[in-house]
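Please walk through this model with me, strand by strand, and then out into the loops.

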Amino acid sequence: MTGSWQEILAAGMSGMGRPLDADQISCFALFVDELKRWNKRINLTAITSDREIVVKHLLDSLTLTSILPSTGRLLDIGSGGGFPAIPLAIVLPGLSITSVDAVGKKITFQRHIGRLLSLTNLTAIHARAETLADSDPGGFDWIVSRAFSSIPLFARLALPVLKQDGTIVAMKGRDGEQEAAAAESELAEMGLRVDRVNTLHLPGDNATRTLVLIRKDGKGRPS
């Protein structure tokens, strides 16, 4: 896919059935500019070119729009520079999004972006995921993350703040289906099951992405 990064983003989202309007494109332009500016002072991302930011951060984050509703509560654990939380907040304004990271400077950046873009649906919290159950037990419909290599570890952190009928989504690469299969036994011990695995190709890169959807099944030993 060729063209400016804005054209790549717009084409990629159109291809996913979520065309962007002019205001959303403007928001993404400001976000990318601020990400690069802040990245010179604090470590937000190792990806620095416009095209790679769009493909490997923005479009990768926005693959979640293929499964998410337009309303409800979503938690992004270990969001770093705001991925996928901020792109989702721009595209899904009716979805209430909480972003959590243990690194204070990254949350400071996310709050700055939230104010700059008037993202009233975004709340950025400086905390460890383990502490969330104290303040918001069973509070989220969707819990997502790009930060964990281990599906069971992510699920263990997510479970205490997941609604009874909620869904955990592990964002993985091309080996996601195999990782999901390998995790089934540990998930079952937590009373969880792999509901389905969505495989797709990332626009502008054609790399394989998998979304592993995990739900409660009422069996096993919740931890």
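Which residue in β2 is the bridge partner of Leu75? It is Thr98. This is a predicted model, in which local features need pLDDT of at least 70, side-chain atom pairs count only at pLDDT 80 or more, and totals for chains, interfaces and linings use all residues. Residues are numbered from 1 along each chain as its sequence is written, and side-chain values use heavy atoms, with hydrogens and water left out.

Start with the strands. Helices (H or I, at least four residues) and strands (E, at least two) are DSSP runs, numbered from the N terminus. Strand β1 spans residues 72–77 and pairs with β2 in the parallel sense over 6 bridges. Two strands pair if DSSP finds at least two bridges between them. β2 also pairs with strand β3 (residues 122–126), again in the parallel sense, over 5 bridges. Here the partner of Thr98 is Thr123 in β3. The chain runs from β2 through helix α5 (residues 104–116) to β3, and this β-α-β crossover is right-handed. Right-handed means that, with the strands pointing away from the viewer, the path from the first strand over the helix to the second runs clockwise. β1, helix α4 (residues 85–91) and β2 also make a right-handed β-α-β unit.

Is β2 enclosed or open? Strand β2 (residues 95–101) has 6 of its 7 residues buried, so the rest of the structure largely encloses it. Buried means under 20% relative accessible area, exposed over 50%, and partly exposed in between (1.4 Å probe, protein chains only).

Now the loops. The UniProt annotation "binding site", from an unreviewed entry, covers Gly78, Phe83, Ala129, Glu130 and Arg146. Such annotations may be inferred rather than shown by experiment; positions follow the numbering used here, and feature names are shortened. Glu130 sits in the loop between β3 and α6 (132–135). Its relative accessibility is 45%, so Glu130 counts as partly exposed.

Arg146 lies in the loop between β4 (140–145) and α7 (151–158). Arg146 is partly exposed too, at 24%. Leaving aside neighbours within four places in sequence, its contacts (heavy atoms within 4.5 Å) include Lys56, Asp60, Phe83 and Pro84. The Arg146 side chain reaches the backbone oxygen of Lys56 at 3.0 Å.

Phe83 and Pro84 are joined by a cis peptide bond, with omega about 10°. Pro84 is in the loop between β1 and α4.

Finally, look at Ser118, in the loop between α5 and β3. Ser118 is not a glycine, yet its phi is positive, about 55°. Ser118 is exposed, at 57% relative accessible area.

Definitions and conventions
A polar contact is a pair of N or O atoms within 3.5 Å; within protein, one must be able to donate a hydrogen and the other to accept it, and residues adjacent in sequence count only if both atoms are side-chain atoms.
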